[in-house]
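Please examine the sequence and the model shown here.

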Amino acid sequence: MRGGSFVLKKEAVTPDGLKGDPTVPDVRASFFIVPTDILESLHEEFSALAGERSSSGILYRTGHRCGQTVTAKMNFKLDDDSLLSDALTNLWIESGLGRISSIIQTDEGALKIVSEESTEARALGVVGKKACDITTGYLAGTAASLTGHDFVCEETRCYSNGAEQCEYILRRKG
């Protein structure tokens with residue numbers, strides 16, 4: 001079933017993770033692992049090439065595209081948007097960008113995501129500003145790929161800015 005899509009049903013989201021379609025080849029072998037200091041290098045290089053403000057947008061778009069692509073290659077789709085928080089929690093650890101400690105739906109319908117171990121923020125250290133540009137893009141891209149809707153993600157608190165943990169607001173666009 002190469003190139004096909006797998007619709008993720010509610011029963012496929014379990015406390016132990018996502019259950020995929022056994023007829024779809026395991027594509028995890030097609031990914032590569034990068035050391036965390038690459039995240040710091042990407043921040044430095046894009047900032048040097050494009051300036052601080054532009055580099056943030058470039059890193060966000062890079063993360064967004066990565067989140068979309070990796071999730072699409074896994075052939076998972078949600079049949080119910082209410083499953084997004086469970087799916088993100090299960091898929092996030094696979095991304096290597098940290099661990100989600102909680103996801104809470106806000107009154108506005110957005111998701112407040114808390115990560116105590118943001119790999120990107122830890123790689124950069126405390127630099128006096130919010131710095132999880134790749135991470136926020138990745139969250140939005142993953143959500144978009146899972147649901148078929150456009151998402152944006154904004155960091156509201158960051159370890160790199162002195163907070164104990166990173167916090168993101170993920171919302172549907174429009």
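How many bridges join strand β6 to β8? Strand β6 (residues 111-115) and β8 are joined by 5 bridges and run antiparallel. This is a predicted model, in which local features need pLDDT of at least 70 and side-chain atom pairs count only at pLDDT 80 or more, while totals for chains, interfaces and linings use all residues. Residues are numbered from 1 along each chain as its sequence is written, and side-chain values use heavy atoms, with hydrogens and water left out.

Helices (H or I, at least four residues) and strands (E, at least two) are DSSP runs, numbered from the N terminus. Two strands are said to pair if DSSP finds at least two bridges between them. On that basis, 4 strands form an open sheet with antiparallel pairing, in the order β5-β6-β8-β7. The edge strands, each pairing on one side only, are β5 (100-105) and β7. From one strand to the next the twist averages 20°. Strands of a sheet pair through backbone hydrogen bonds, either parallel or antiparallel.

The individual pairings can be followed across the sheet. Strands β5 and β6 run antiparallel and are joined by 5 bridges; I103 has I113 in β6 as its bridge partner, and I100 has S115 in β6. These two strands form a hairpin with 5 residues between them, and G109 in the turn has a positive phi of about 90°. S115 also stands opposite C166 in β8.

Burial is judged by relative accessible area (buried under 20%, exposed over 50%, partly exposed in between; 1.4 Å probe, protein chains only). In β6, 4 of the 5 residues are buried, and the strand is mostly covered. Strand β8 (residues 166-172) has 5 of its 7 residues buried, so it is largely enclosed by the rest of the structure.

Helix α3 lies across β5, β6, β7 and β8 and runs at about 165° to β5. Helix α5 touches β6, β7 and β8, and its direction makes about 145° with that of β7.

The two helices also meet each other. The axes of α3 (residues 84-95) and α5 (residues 133-147) come within 11 Å and cross at roughly 125°. They are therefore oblique to each other; angles under 35 degrees count as roughly parallel, over 145 as roughly antiparallel, 65 to 115 as roughly perpendicular and the rest as oblique. Residues of α3 in this contact include L84, L88 and W92, and those of α5 include Y138, L139 and L146. By class, the contact has 9 nonpolar, 4 polar and no charged residues (Ala, Val, Leu, Ile, Met, Phe, Trp, Tyr, Cys and Pro count as nonpolar, Asp, Glu, Lys and Arg as charged, and the others, Gly among them, as polar).

A further residue, T71, lies in helix α2 (residues 52-73). T71 is buried, with a relative accessible area of 3%. Leaving aside neighbours within four places in sequence, T71 is in contact with F76, L91, T142, S145 and L146. The C-alpha atoms of T71 and L91 are separated by 8.5 Å, although these residues are 20 residues apart along the chain.

Technical notes: Axes fitted to C-alpha atoms, helices over the stretch in contact; angles between N-to-C directions. Contact = heavy atoms within 4.5 Å.
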